[in-house]
Amino acid sequence: MKFELLSQQELDRIDADSRLVLGKTGVLVNNEKARQVFKGAGAKVDEDTHIVIIPPELIEFALSSVSHQFNMWNRDGSECYNLNDGRVYGHNVGGCVRIFDYEKGVARDATQQDLVKATALIDALENIHVCRPVVYPQEFSSQIRDIHTAATMLQYTRKPYGVSAYSIQNLDYILRLASLVSGGYEAFLAKPFIWGSVCPASPLHYNQSTTDILMKYAEIGMPVALAPCPVSGGTSPVSLAGTLVQQNAEVLTGLVLVQVIRPGMQVKYTTRAIPMDMRTGTATFGSIELGMMSAAIVQLARKYDICSDVYGLGTSAFAFDVQNGYEKALNGLLPVLAGANLIAAAGLMEDALTSSCEQLVIDNTILGSIFRIKRGVEVSDELNALDLIQKVGPGGNFLLEDHTRLHARQELYTPKICYRAGNQQYIENGYQSIADAAHARVEAILENGITRMVNDDIAAHIQVLLDEVNSKYKD
């Protein structure tokens, strides 16, 4: 099934206009080393204003050299996934500072134990294939919170992990952590289970730290996600088309930089374009325009034949209510039908301020339904079942037929937490809403305890590194 928000003509126009932005307005690059890379490749650089003008031929070079795969390994190196293989994968929201405490019924500051629990849960959820930092534990200093978050997640999931480093120094520590888990730096780079995420500052600005980190990824050959976060009406034009033009220029800038440094590098198109509520000035993750822009971004990524990763399960709701459900379902469905490779934001609540274990379970179910829609209806001799219909005949029953047994699981998606056997089943279990069923599912998954997925020796080495980080920060 396919949904195309933009016609081919409109898609080409956005692509062409974003190139005009780069060729006339340019991008602010506050990094001398990066400016020299651009200049050496043929870009026009103004050293007084730090504006870089990128010519069309440099964009064409980047698009012709970028890898059309985005390979991620599982933690033990036994299996590789090309996330640009035409299938759709789910992942959770990243970077929330609060967790919804189901027992207390309120959102509160997230802790490391919340991160451990949510990470272990993600590891068990079948429709969340890769992960991001679910929450940032607030007990750690803001300067090194990213390091402690990475250290925690690397110990409690086998799934590929997208990391956001706060600084080039912090990135070095995170790479050391990954090396400890994988048995060495070279072993990690040979089979990377981490991608790096880099967010230029909209509008059209690559600052010193962001660009240092991006160039580091390119130098070592680590897969990277280019993730502008424009807010329509604030840091990008209020018009959806204007935001799409600007964010595409921001993505192309990063694409050019990494391809000049390392031609053929794997890059993921990961824009998080978010509308602003003009009444309140807030970025609204539940707005339907989030899903619409995500669908258009998927089309742009497909035009360039690179992996797409967009917001989908966005909501502004702070409760497990009707608003939560319809915002997530609509915003998730549009980009998936447009052909997204990764659909993000499972667990998100309250405009990405808050995450929730129960929401992760609910969103795992929403993703399952969306993935089923994406698969569509397969028409074949076997599934059209003409012989079976003739055999059973008028007034017959298909329940006990082998065909039903063989195809039921594939054809019919069966969620684990939804009303299906009538209200009485919920009453007997003591549930008053789907949130209660989700909470019971969380407890069932984690009832046997949380397993650390590294041995004691690796865990000890991780703690030594964290002690070094904590000591350095105190100094």
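Start with the largest pocket, which holds about 520 Å³ of space. A pocket here is an open set of points on a 1 Å grid over the protein atoms alone, where a 1.4 Å probe fits, with protein on both sides within 12 Å along at least five of seven lines. Its volume is the space filled by probe spheres set on the points, which are joined across faces, edges and corners.

This is a predicted model, in which local features need pLDDT of at least 70 and side-chain atom pairs count only at pLDDT 80 or more, while totals for chains, interfaces and linings use all residues. Residues are numbered from 1 along each chain as its sequence is written, and side-chain values use heavy atoms, with hydrogens and water left out.

Select Arg132, Ser164, Ser197, Cys199 and Cys229: of the 30 residues that line the largest pocket, these are the closest to its centre. Lining residues have an atom within 4 Å of a point. The lining divides into 16 nonpolar, 10 polar and four charged residues; Ala, Val, Leu, Ile, Met, Phe, Trp, Tyr, Cys and Pro count as nonpolar, Asp, Glu, Lys and Arg as charged, and the others, Gly among them, as polar. Elements that each supply at least two lining residues include β6 (89-92) and α8 (208-220). Helices (H or I, at least four residues) and strands (E, at least two) are DSSP runs, numbered from the N terminus.

Two strands pair if DSSP finds at least two bridges between them. Opposite Asn92 stands Ala346 in β18.

Another stop is the open sheet of three strands, in the order β13-β15-β16 with mixed pairing. Its edge strands, β13 (231-232) and β16 (282-283), each pair on one side only. Strand β15 (residues 274-277) runs antiparallel to β16, with two bridges between them; Met276 has Ala283 as its bridge partner in β16.

Finish with the rings. The structure holds five aromatic pairs, counted for rings of Phe, Tyr and Trp (its six-membered ring) with centres within 6.5 Å. Select Phe100 and Phe320: the ring centres are 5.2 Å apart and the planes at 85 degrees, so this pair is edge-to-face, the class for planes over 60 degrees apart. Phe100 is in strand β7 (residues 98-101) and Phe320 in the loop between β17 and α11 (322-338), 220 residues apart.

Methods. Rings of Phe, Tyr and Trp (its six-membered ring) pair if their centres lie within 6.5 Å; planes under 30 degrees apart count as stacked, over 60 as edge-to-face and the rest as tilted.
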